[in-house]
Each structure stands twice: as C-alpha cells, then as structure tokens.
Amino acid sequence: KQAELAMYQSKKSGKNGLKFFEPSMESLVKERAEMEKELRNAIENQEFVLYYQAQMDDAQKVVGAEALVRWNHPSKGLISPLDFIPIAEESDIILKLGNWILKSACDELYRWSLTDTMHNITLAINVSVKQFSQNNFVKSTLSIIEQSGANPKLIKLEITESMLVEDKAGIVEKMDKLKEVGIRFSLDDFGTGYSSLSYLKQLPIDQLKIDQSFVKDILIDKNDETICKSTIAIAQSMGLNVIAEGVETAEQKEMLNLLGCATYQGYLFSKPIASKEFELFVKAHANL
Ligand code: C2E
Ligand code: CA
Ligand code: CA
C-alpha cells in the first residue's frame, strides 16, 4: 500500500519520476478520505452556504454577483472551496453539490427579483466540468431554474476552458439549449488553459473573465499587461463582454479601464460576503 501511494505521488508529478514513501502521504490520503465522508453528509446537514461577490461597473454600481460556495464545517468552521471542490469533483459528490448550488443561487435570485434595489442584478454561478458533462445537465438545470421562479436572463453560468476539450458539438448543443431561455455563459480563468481561438469562435460564449493571476501584477509585469490587453481586444473583436477578477487596487482598476475593460470583481469593492451583507452592500451603492 505504501509503495502504491508513493507511485501515485510520483505519477502525479510527471513521467519518469521517482518517489520514496513518506508517512505524510498516508495522512494526506486519510485526511482526504475523511473529508469525502463528511462531504457526503454535508448537504443533508445544511452545512453549505453561498457567499456573493459584487461585480461592478465604472459608475461604482453593482451590476452582478458571483455565487461562491463555502462549507460551514461543524468543528473546523468555514472551509474554502479550494479545499473541498477538488475532492467533490473526484467523486460524484460534485453532482449533488452542483445541484444544491444551482438551486440555492436561483432561490436567492428570485428573492432579489422582489426588491427595488436588486431586481436587475445578474448572478454568475460556477459549473464544474463533471456537472456540465452529465447527459441530463440541460434538463435538470432548466427545471431547477423554473421551479425557483428566477429569471434565466439574469443567470450567467461560469465555465472553464478545461470543459471545452471534448465533444465540441455536444457542448455547443447544450449551451444553445440553455441560451434559448436567455441564460448566458462566461468563460472563467480565461488565458490559463489552452484556449484555442478558433475553438472560442465556435462557442456561444457571452463573456470572457480575465483571470486574477494576470490582474495581480498588471502594473509591474509587462507580460501580464499584454495578456490583459489582448484578452480585451479578443473580446471586443468577437463582440463579447469582458470582466476582470481579482481587482484589489484602484490602480489595477484604472489600468484595466485604460485597456478597455469596464466591469470588475475583487477585494477593492468587496470580498465574497453572506447574502444579508450583500444586500446591504448593494443598497449602500445604489444611493451613492
Ligand atoms: P473562481 O471561480 O476563479 O473564483 C474566484 C476566487 O477568487 C474566489 O475564491 C474569490 O473569493 C477570490 N477572489 C475574489 N476577489 C479576489 C481578490 O481581489 N483577490 C484575491 N486574491 N482573490 C479574490 P473562492 O471563493 O475561494 O473560490 C475558489 C474557487 O473555488 C473558485 O475559483 C471556483 O473554481 C471554486 N468554486 C467556488 N464556488 C464554487 C461553486 O459554487 N461551484 C463550483 N463548481 N466551484 C466553485
Ligand atoms: Ca468563477
Ligand atoms: Ca476565476
């Protein structure tokens, strides 16, 4: 068993590797197995919660939000999705969790529709590869939206480039069906994968999301500036929207704006916050 663990670790770090067994490998595997077990019960136990992060326009108005899931673990407190989404994705847990996320986000969007200040705010929802590739993804998504009463025109599904490797025709068909009711698509983490431009052209995408890794050093790294500039140019020439994520300083925002980007998300405006807080945030910005 220990040899096997070492072998997996070695395989993970590339071909022709060499790894000796270390006790930490065993504890890591144990931890993951434990987490997977707990994850399975977390939905029933209502331990997941959605946070919302504002998406702003140039006039400092909140135009949208991204729903970001958190795991409120009974003893460990709030756990970041970076720590549990990958584990959920390795098993079928992500399917149930994905549906829970979709449903909760749509319920929230419906509640917003009943308010004066929030009725036209869009909501971006992350969809994982495994979820999207399910045969019944379109049907179950449409039915969740319909049951919630949420306006599909205000829903943006965030997909990643890694989703786009296989079965292009099938993916386009699914996207088209969802677009029929007004759902839009945003390409998350743009530029970090293997975006082929010809591929991009064939997909019914509405928005490119500039990854935070390019925004981070946009003021000091000329390459990052060039990547952001090119992404914005690609979006403009393809008639797509563009949003930058991970905007932390006014200077980064200014630079992005100079390059032609007009929608932003990041700590400069707000961290992801609980639903109640987000409502207050929107209200405060509506009265500016
Ligand atoms: P992502 O979709 O790229 O989400 C953006 C991440 O950047 C979020 O981390 C957000 O909190 C963080 N962020 C936002 N603004 C800033 C900023 O100004 N500076 C910095 N340093 N970070 C910023 P979070 O919430 O921990 O989510 C991490 C990842 O987990 C997400 O990356 C996404 O891949 C995944 N995830 C989160 N929620 C969901 C979900 O509901 N479903 C699925 N399938 N994946 C999710
Ligand atoms: Ca996202
Ligand atoms: Ca992202």
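Student: Let's start with N16, is it buried or exposed?

Tutor: N16 is exposed, because its relative accessible area is 83%. The cut-offs are: buried means under 20% relative accessible area, exposed means over 50%, and partly exposed is in between, using a 1.4 Å probe and protein chains only. Keep in mind that this is a predicted model, where local features need pLDDT of at least 70, side-chain atom pairs count only at pLDDT 80 or more, and totals for chains, interfaces and linings use all residues. As for conventions, residues are numbered from 1 along each chain as its sequence is written, chains are lettered from A and ligands numbered from 1 in the order in which they are written, and side-chain values use heavy atoms, leaving out hydrogens and water.

Student: Thanks! Where does N16 lie?

Tutor: N16 lies in the loop between α1 and α2. Helices here are DSSP runs of H or I with at least four residues, strands are runs of E with at least two, and both are numbered from the N terminus.

Student: And what is the phi of N16?

Tutor: Phi of N16 is near 55 degrees, a positive value in a residue other than glycine. For background, most residues other than glycine have a negative phi. Q60 has a positive phi too, near 65 degrees. Q60 lies in the loop between β1 (48-57) and β2, and Q60 is partly exposed, with a relative accessible area of 33%.

Student: Okay, helices next. At what angle do α1 and α2 pack?

Tutor: Helix α1 (residues 2-12) packs against α2 at about 85 degrees, and their axes are 10 Å apart. That makes α1 roughly perpendicular to α2. Axes are lines fitted to C-alpha atoms, for helices over the stretch in contact, and angles run from 0 to 180 degrees between N-to-C directions. Under 35 degrees counts as roughly parallel, over 145 as roughly antiparallel, 65 to 115 as roughly perpendicular, and the rest as oblique.

Student: Which residues make that contact?

Tutor: Q2, L5, A6 and Q9 of α1 meet M25, E26 and V29 of α2. Contact means heavy atoms within 4.5 Å. By class, the contact of α1 with α2 has four nonpolar, two polar and one charged residues. Ala, Val, Leu, Ile, Met, Phe, Trp, Tyr, Cys and Pro count as nonpolar, Asp, Glu, Lys and Arg as charged, and the others, Gly among them, as polar.

Student: What about α2 and α3, how do they pack?

Tutor: Helix α2 (residues 23-42) and helix α3 (residues 81-90) pack at about 80 degrees, with axes 10 Å apart. Therefore α2 and α3 are roughly perpendicular to each other. R32, M35, E36 and L39 of α2 make the contact with D83, F84, I87, A88 and E90 of α3. The residues of this contact between α2 and α3 divide into five nonpolar, no polar and four charged.

Student: F84 is in there! What else does F84 touch?

Tutor: Not counting residues up to four places away in sequence, F84 touches M35, L39, F48, V69, R70, W71, I79 and L97. F84 also stands out in the largest nonpolar core, which has 80 residues: F84, L157, L256 and F278 touch the most other members. Helix α4 (residues 93-113) gives the most to this core, with nine residues. A nonpolar core is a set of buried Ala, Val, Leu, Ile, Met, Phe, Trp, Tyr and Cys residues joined through side-chain atoms within 4.5 Å.

Student: And S91, where is its place?

Tutor: S91 is in the loop between α3 and α4. S91 is buried, with a relative accessible area of 9%. Leaving aside neighbours within four places in sequence, S91 is in contact with E36, R40 and K130.

Student: Switching to strands: why is β4 largely enclosed?

Tutor: Four of the five residues of strand β4 (residues 122-126) are buried, so β4 is largely enclosed by the rest of the structure. Strand β2 (residues 62-73) pairs with β4 in the parallel sense over four bridges, and A67 stands opposite I125 in β4. Two strands pair if DSSP finds at least two bridges between them.

Student: Which sense do β4 and β5 pair in?

Tutor: β4 and strand β5 (residues 155-160) pair in the parallel sense, over four bridges. The bridge partner of A124 in β5 is K156.
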